[in-house]
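Welcome! Take a look at the structure below, and then we will walk through a few of its features together.

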Amino acid sequence: MPACPDVERDDPAALGEDGYDLFVLRLSIAFIRDRARVLRALAARARRARS
């Protein structure tokens with residue numbers, strides 16, 4: 001995985017299985033062509049909320 005992965009082109013599976021608590025796309029989401037697809041792929045990598 002490159003140091004700065006391309007969220008539109010790179011395979012999100014390479015991000016790892018542990019998951020993430022937060023994704024920050026501030027000021028960059030406007031430049032993503034297929035926002036819905038990218039957000040769904042990132043959401044699949046997000047951890048479930050703990051209660």
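Let's start with Tyr20, which counts as partly exposed because its relative accessibility is 29% (buried means under 20% relative accessible area, exposed over 50%, partly exposed in between, with a 1.4 Å probe and protein chains only). Keep in mind that this is a predicted model, where local features need pLDDT of at least 70, side-chain atom pairs count only at pLDDT 80 or more, and totals for chains, interfaces and linings use all residues. Residues are numbered from 1 along each chain as its sequence is written, and side-chain values use heavy atoms, leaving out hydrogens and water.

**Aromatic rings**
- Searching the whole structure turns up 1 aromatic pair (rings of Phe, Tyr and Trp, the last by its six-membered ring, with centres within 6.5 Å).
- That pair is Tyr20 with Phe23, 5.4 Å centre to centre with 45° between the planes, so it is tilted (under 30 degrees counts as stacked, over 60 as edge-to-face, the rest as tilted).
- Phe23 is also partly exposed, with a relative accessible area of 29%.

**Around Val38**
- Val38 sits in helix 1, residues 35–45 (helices are DSSP runs of H or I, at least four residues, numbered from the N terminus).
- With a relative accessible area of 0%, Val38 is buried.
- Leaving aside residues up to four places away in sequence, Val38 touches Val7, Glu8 and Ile32 (contact means heavy atoms within 4.5 Å).
- Val38 and Glu8 are 30 residues apart along the chain, yet 6.3 Å separates their C-alpha atoms.

Key:
Helices (H or I, at least four residues) and strands (E, at least two) are DSSP runs, numbered from the N terminus.
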